[in-house]
Structure formats: C-alpha cells, structure tokens
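Biologist: I have a model on my screen and want to learn how to read it. Please take me through it.

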Amino acid sequence: QLGLVESGGGLVQPGGSLRLSCTAFGFTINYYSMGWFRQAPGKEREGVSCISTSGDSTNYADSVKGRFTISRDNAKKTVYLQMDSLKPEDTAVYYCATTCEKSKVDALNAWGQGTLVTVSS
C-alpha cells in the first residue's frame with residue numbers, strides 16, 4: 001500500500017489516551033511539514049496539528065492545545081499524534097498529510113483512509 005497510512009485509533013473513555021501513527025510508503029517525509037486533520041460526524045474536516053520538517057516547530061488547534069502532542073521520526077517515515085485527556089468532541093476520523101494546509105490536500109484529492117477515534121463512556 002503506497003501513500004500515507006494512519007493507524008492507532010480506537011474506542012477510548014473520556015479522559016483516556018491514544019497515540020496515532022502516520023507512516024509513509026514509497027517516499028520519504030524528510031522535506032515535508034506534516035499535518036494531522038480530523039473530521040467529526042456531520043462536520044467539515046479541520047486542521048489539528050502541524051510539525052516542521054525537523055520537528056523544531058509545532059502548532060496546534062486551540063481545541064487541542066495542552067492535550068495533544070505531535071512528533072516525528074523521519075528515519076521511520078512516521079509522524080505521531082499523542083492524544084491525552086480525550087473528550088467526546090474529539091471523536092472523529094483522523095488523517096495525516098504532507099502539508100499543514102487543508103486546501104492543498106483537497107486540491108490534490110490526497111486524503112487517505114484515516115483512523116477512527118471514538119471517545120465515549
């Protein structure tokens with residue numbers, strides 16, 4: 001399977017944690033900023049977090065600041081999203097991309113399968 005593959009989603013109780021992984025197949029991610037996005041039921045896809053090529057700079061949506069942490073391992077061609085203190089409103093399908101700009105992924109029609117995170121008691 002080529003492209004980006006997300007994994008690590010599942011069912012978790014409010015306040016719980018999950019770590020999502022995004023692994024590239026067929027190319028290296030060294031020269032790309034990497035972004036995590038999500039789409040909640042009945043809502044538009046939105047940006048969650050962004051990490052620079054070296055990992056020196058990160059950004060987060062206000063809704064997840066202090067709870068989520070993005071990181072990357074270029075040697076493993078993998079980007080991670082550590083999700084702590086999860087809330088029901090975090091329930092969504094999570095996607096990664098080789099950009100932090102949603103419009104660019106939309107233009108390329110490059111969204112993958114994503115991984116489903118369900119936060120419920």
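Modeller: We start with the ground rules, then go from the overall fold to single residues. This is a predicted model, where local features need pLDDT of at least 70, side-chain atom pairs count only at pLDDT 80 or more, and totals for chains, interfaces and linings use all residues. Residues are numbered from 1 along each chain as its sequence is written, and side-chain values use heavy atoms, with hydrogens and water left out.

Biologist: How many helices and strands are there in the protein?

Modeller: Elements are DSSP runs numbered from the N terminus: helices are H or I with at least four residues, strands are E with at least two. Here the protein has 1 helix and 10 strands. From the N terminus the order is β-β-β-β-β-β-β-β-β-α-β. The radius of gyration is 13 Å, close to the 14 Å of the globule rule for 121 residues, so the protein is as compact as a globular protein of that length. That radius is taken over C-alpha atoms, and the rule is 2.2 Å times the number of residues to the power 0.38. Along the principal axes, the C-alpha atoms fill a box of roughly 40 × 30 × 25 Å.

Biologist: What share of the residues counts as buried?

Modeller: Buried means under 20% relative accessible area, exposed means over 50%, and partly exposed is in between (1.4 Å probe, protein chains only). In this protein, 39% of the 121 residues count as buried.

Biologist: What do contacts say about residues 24 or more positions apart?

Modeller: A contact means heavy atoms within 4.5 Å. Among contacts with a separation of 6 or more, residues 24 or more positions apart account for 56%.

Biologist: Next, disulfides. How many are there by the rule?

Modeller: A disulfide is a covalent bond between the sulfur atoms of two cysteines. The rule asks for a pair of cysteine sulfur atoms within 2.5 Å. The count here is 2 disulfides. One joins cysteine 22 to cysteine 96, with 1.9 Å from S to S. Cysteine 22 sits in strand β3 (residues 18-25) and cysteine 96 in strand β9 (residues 92-97), so this pair links distant parts of the chain, 74 residues apart. The torsion about the S-S bond is about 70°, so this disulfide is right-handed. Cysteine 22 is buried at 1% relative accessibility, and cysteine 96 is buried at 3%.

Biologist: And what about cysteine 50 and cysteine 100?

Modeller: They form a disulfide with sulfur atoms 1.8 Å apart. Cysteine 50 is in strand β5 (residues 46-51) and cysteine 100 in the loop between β9 and α1 (102-108), so the bond ties together parts 50 residues apart in sequence. The link is right-handed, with 80° about the S-S bond. Cysteine 50 is buried at 16%, while cysteine 100 is partly exposed at 27%. With the bonded cysteines numbered in sequence order, the pairing is 1-3, 2-4.

Biologist: Is aspartate 90 buried or exposed?

Modeller: Aspartate 90 has 1% relative accessibility and counts as buried. It lies in the loop between β8 (78-83) and β9. Leaving out residues up to four places away in sequence, aspartate 90 touches Arg38, Val64, Arg67, Phe68, Ser85, Val117 and Val119.

Biologist: Where does isoleucine 70 lie?

Modeller: Isoleucine 70 is in strand β7 (residues 68-73). It is buried at 5% relative accessibility. Beyond neighbours within four places in sequence, its contacts include Met34, Trp36, Cys50 and Tyr60. The C-alpha atoms of isoleucine 70 and tyrosine 60 are 8.6 Å apart, and the two residues are 10 apart along the chain.
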